[in-house]
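Let me put the model up and then walk you through a few spots.

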Amino acid sequence: MAIISTAGLARTFTTRRGPVEAVRGIDLTVREGEILGFLGPNGAGKTTTLRMLTTLLAPTGGAATVAGHDLATDPAGVRAVCGYVAQSGGVDPQITVREELVTQGRLYRLSRARAAERADELARDLGLSALLDRKCGALSGGQRRRLDIAMALTHRPAVLFLDEPTTGLDPGSRADLWDLVRALRDEHGTTVFLTTHYLDEADALSDRLVVVDGGVVVADGTPAALKREYGGSRDASLQDTFLAVTGRTAPAADAAPVAV
Ligand SMILES: Nc1ncnc2c1ncn2[C@@H]1O[C@H](COP(=O)(O)OP(=O)(O)OP(=O)(O)O)[C@@H](O)[C@H]1O
Ligand SMILES: [Mg+2]
């Protein structure tokens, strides 16, 4: 069953220098319980798409539904089923991890006691228990990223949108996050919509990849299918496949770096 479905989803920004067509018409479906890797070069329109699907940004064209809720007519319904970890997280540096998690629970209308309980559960799941009384501003980059994710999971969303969740994480924290994403899917049936520039991560985690470039979908399929179709064989690297899909060719191994 499709849990996310978009048709011609588009967003044009009006700027003083004229219109910027960030997303030019995205058609995609995501199945319930799928881990979708949403890939594309810088500026392809990934974050803009995620911001639309989580109701933070109004589309200027097209339509979408998330878990049966229409973006245009039922944004509150969409918000209730979505968790979103933004590319640049947003925690208050002055308050403690515990306060941040409890506040988030209260925003989702949990009772004071339940919010406190949920903060403990989330801290345990995300390896933050020892940091509950630390100020958010004093966390390392990776610890802050884990807090961003904990906050997004507060209301046990059916769909979790993660925008470059592992950027800046050390290899151990990255592996932990992969485990967490798989556990969310396997144990709770959570659908995960994830952007990343780490192609090894996309390859390891995703059931399916959607590649966008210039605000449109340029490839859609399982990692193996895309490698076969664009990389020449099932054993092609996802790196070469990605470069072929987005019209950039891999530099020869002995080529001198070119200034751009
Ligand atoms: N508020 C805005 N006003 C004007 N242009 C914008 C705005 N937000 C995004 N854009 C432009 O829209 C395009 C898509 O941006 P977006 O952030 O969606 O890319 P992305 O695929 O997430 O890239 P990255 O991999 O660098 O995070 C870019 O050209 C960007 O400059
Ligand atoms: Mg982005």
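So, helix 9: its buried residues are Leu238, Thr241, Phe242, Leu243 and Val245. Buried here means under 20% relative accessible area, exposed means over 50%, and partly exposed is in between, with a 1.4 Å probe and protein chains only. Helices are DSSP runs of H or I with at least four residues, strands are runs of E with at least two, and both are numbered from the N terminus.

Before I go on, the housekeeping. This is a predicted model, where local features need pLDDT of at least 70 and side-chain atom pairs count only at pLDDT 80 or more, while totals for chains, interfaces and linings use all residues. Residues are numbered from 1 along each chain as its sequence is written, chains are lettered from A and ligands numbered from 1 in the order in which they are written, and side-chain values use heavy atoms, with hydrogens and water left out.

Back to helix 9 and its partner. Helix 8 (residues 223–231) packs against helix 9 (residues 238–245) at about 60°, and the axes are 9 Å apart. The axes are lines fitted to C-alpha atoms, for helices over the stretch in contact, and the angles run from 0 to 180 degrees between N-to-C directions. So helix 8 and helix 9 are oblique to each other; on this scale, under 35 degrees is roughly parallel, over 145 roughly antiparallel, 65 to 115 roughly perpendicular, and the rest oblique. Their crossing is left-handed, meaning the near helix is turned anticlockwise from the far one by less than a right angle, with clockwise being right-handed. Helix 8 brings Leu226, Lys227, Tyr230 and Gly231 to the contact, and helix 9 brings Leu238, Thr241, Ala244 and Val245; contact means heavy atoms within 4.5 Å. By class, the contact of helix 8 with helix 9 has 5 nonpolar, 2 polar and 1 charged residues. For those classes, Ala, Val, Leu, Ile, Met, Phe, Trp, Tyr, Cys and Pro are nonpolar, Asp, Glu, Lys and Arg are charged, and the others, Gly among them, are polar.

Now helix 3, which has two packing partners to show you. Against helix 4, the axes come within 8 Å and cross at roughly 125°, so helix 3 and helix 4 are oblique as well. That crossing is right-handed. On the helix 3 side you have Arg98, Leu101, Val102, Gly105 and Arg106, and on the helix 4 side Arg112, Ala115, Ala116, Ala119, Asp120, Leu122 and Ala123. Those residues divide into 7 nonpolar, 1 polar and 4 charged.

And how do helix 3 and helix 5 lie to each other, roughly parallel or roughly perpendicular? Their axes come within 9 Å and cross at roughly 25°, so the two are roughly parallel. This crossing is right-handed. Val97, Glu100, Leu101 and Gln104 of helix 3 meet Leu147, Ala150 and Met151 of helix 5, a set with 5 nonpolar, 1 polar and 1 charged residues.

Have a look at the loop between helix 3 and helix 4 (112–125), where Arg109 sits. Arg109 is exposed, at 77% relative accessible area, and its phi is positive, near 65°, in a residue that isn't glycine. Most residues other than glycine have a negative phi. Tyr108 is in that loop too, partly exposed at 32%. Leaving aside neighbours within four places in sequence, Tyr108 touches Cys82, Thr154 and His155.

Last stop, the metal. Which residues coordinate the magnesium ion (ligand 2)? Thr47 through OG1 and Gln87 through OE1, at 2.0 to 2.2 Å. Donors are N, O and S atoms within 2.8 Å of the metal (3.2 Å for Na, K and Ca), and water is not among the atoms, so sites may look incomplete. Thr47 is in helix 1 (residues 46–53), and Gln87 is 40 residues away, in the loop between strand 6 (82–85) and helix 3 (97–107). Thr47 is partly exposed at 25%, and Gln87 is partly exposed at 39%.
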